[in-house]
Amino acid sequence: MAHGTSRGPVVSVLMAAHDAEGSVRRAVESFQNQTLRDLELVVVDAGSRDATARTVEALAERDLRIELVRADACSRQEALDVALERAGGRYVVVADADGCARPDMLSDLVGLAEERSLELVVGGVELGLVGEGGRETEVELSSEATVYPTQHDFRTSAWQLFASGQLMPAAGKLLLRERALDLGLSFAGDGPSDHLFVLGYLSDVERVGVLGGVCYRLDRRTAPVERCLTRAEGYRLLEREHAALLALYRHWGLEGDAASMEMLQSRYMERLVACIEGVCGSGLPSAEQRRAVEAMIETEQARLAASVARPASSAARSMLAPVRGRSVRLVCAQARLLSLLGGGRAVWAMPDAYV
């Protein structure tokens, strides 16, 4: 097991918090109670108007491993950048104010990293999604324990981790802090997710391992994500992430790999359908809905995805033919039906949309 040095702890846990008084105590205490004791928890309060900062401050007064940074109102990504700047650990882990770590999460992640000299360890995440009316959906993003012998082995197998939703989010991962800094990575500028930060880290990573099972849990309401998906920002985020994934696979020299390309197109189709459902359930006038949907399905990328994708969800599969046929009215009708059947909750989309 690794030991801290005079320069800092083994692990720096980065947490952004905003108006999270109902969950932040549990989130912080889950790291206070870790079996690995040599850690620091940097909590950046992003301008909370409730008791979030006071709660963390009270915990920090009794535990010198906790640092509270009070920031002006800012995005989660900007807050995480502040936390990363303040961190001093060999490794970093990204946490959320609505999350909870298993007691042995850090010791297991660090143990595997130290034993096999890994640059990245991927842990499993359990999602508790709460939608309209309090309906709960449990989703597990995990896989069997694996250490990839070579960089090529990781790259050719990464499509499976992307397909499960486990590889894209920052949650549940152990990263080398100096490597992230040397790459000049930043959380800010990625919209409401950490995905581009992770893709930047993956670009030339060589030694990767997967921790079997679940080590982290998030309890999250789906409504904020749906509101994002009803706006143009949700679609732009989809396009930006997809372009970044294609660029990553080109960089890896795997743009001709059938399994990887099928994953990319299936992932795109799942998220595209979620965006379409968001538009058609947004309350916009029908003419505006049709114009927005037409702009989404008339692209070369949408036609390619509809032709080759094999999405896992029945909802996305039901949209393949209408999108291939470029029938705006049929796509809108199908999206409204999906929204009605799902109660307005696009929880069938790629689960990492919520992480």
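Trainee: In which loop does D194 lie?

Mentor: The model is predicted. Within this model, the segment that holds D194 is the loop between α6 and α7.

Trainee: Is D194 buried or exposed?

Mentor: The relative accessible area of D194 is 3%. Buried means under 20% relative accessible area. D194 is therefore classed as buried.

Trainee: Which residues is D194 in contact with, leaving aside its neighbours within four places in sequence?

Mentor: D194 is a buried residue in the loop between α6 and α7. Once its neighbours within four places in sequence are left aside, its contacts are R76, Q77, L80, V94, A170 and F187.

Trainee: What kind of aromatic pair do F154 and W252 form?

Mentor: A search of the whole structure finds 5 aromatic pairs, including the one between F154 and W252. A pair of aromatic rings is described by the distance of the centres and the angle of the planes. For F154 and W252 the centres are 5.8 Å apart and the planes make 70°. Planes over 60 degrees apart count as edge-to-face, and the pair of F154 and W252 is edge-to-face.

Trainee: How many residues apart are F154 and W252 in the chain?

Mentor: F154 belongs to helix α5 (residues 151-163), while W252 lies in the loop between α9 (232-251) and α10. Both F154 and W252 are buried. The pair links distant parts of the chain, and its two residues are 98 residues apart.

Trainee: What kind of aromatic pair do F187 and F197 form?

Mentor: The ring centres of F187 and F197 are 3.8 Å apart, with 5° between the planes. Planes under 30 degrees apart count as stacked. The pair of F187 and F197 is stacked.

Trainee: Where do F187 and F197 lie?

Mentor: The pair links distant parts of the chain, its residues being 10 residues apart. F187 is buried, at 2% relative accessibility, and F197 is buried with a relative accessible area of 5%. F187 lies in the loop between α6 (177-182) and α7 (195-202), and F197 lies in helix α7.

Trainee: Which residues form one aromatic cluster?

Mentor: F154 and W252, which make an edge-to-face pair, are among the members of this cluster. The cluster consists of Y148, F154, F162, Y249 and W252.

Trainee: Is the crossing of α10 and α12 left-handed or right-handed?

Mentor: The axes of helix α10 (residues 258-280) and helix α12 (residues 300-308) come within 9 Å and cross at roughly 110°. That angle makes α10 roughly perpendicular to α12. The crossing of α10 and α12 is left-handed.

Trainee: How many residues of the contact of α10 with α12 are nonpolar, polar and charged?

Mentor: From α10, the residues E262, Q265, Y268, M269 and L272 meet Q301, A302, L304, A305, A306 and V308 in α12. By class, the residues of this contact are 8 nonpolar, 2 polar and 1 charged.

Trainee: Is the crossing of α1 and α2 left-handed or right-handed?

Mentor: Helix α1 (residues 24-32) and helix α2 (residues 52-62) pack at about 25°, with their axes 9 Å apart. α1 and α2 are therefore roughly parallel to each other. The crossing of α1 and α2 is right-handed.

Note on methods:
Residues are numbered from 1 along each chain as its sequence is written. This is a predicted model: local features need pLDDT of at least 70, side-chain atom pairs count only at pLDDT 80 or more; totals for chains, interfaces and linings use all residues. Side-chain values use heavy atoms; hydrogens and water are left out. Axes are lines fitted to C-alpha atoms, for helices over the stretch in contact, and angles run from 0 to 180 degrees between N-to-C directions. Helices (H or I, at least four residues) and strands (E, at least two) are DSSP runs, numbered from the N terminus. Angles under 35 degrees count as roughly parallel, over 145 as roughly antiparallel, 65 to 115 as roughly perpendicular and the rest as oblique. A crossing is left-handed if the near helix is turned anticlockwise from the far one by less than a right angle, and right-handed if clockwise. Contact means heavy atoms within 4.5 Å. Ala, Val, Leu, Ile, Met, Phe, Trp, Tyr, Cys and Pro count as nonpolar, Asp, Glu, Lys and Arg as charged, and the others, Gly among them, as polar. Rings of Phe, Tyr and Trp (its six-membered ring) pair if their centres lie within 6.5 Å; planes under 30 degrees apart count as stacked, over 60 as edge-to-face and the rest as tilted. Buried means under 20% relative accessible area, exposed over 50%, partly exposed in between (1.4 Å probe, protein chains only).
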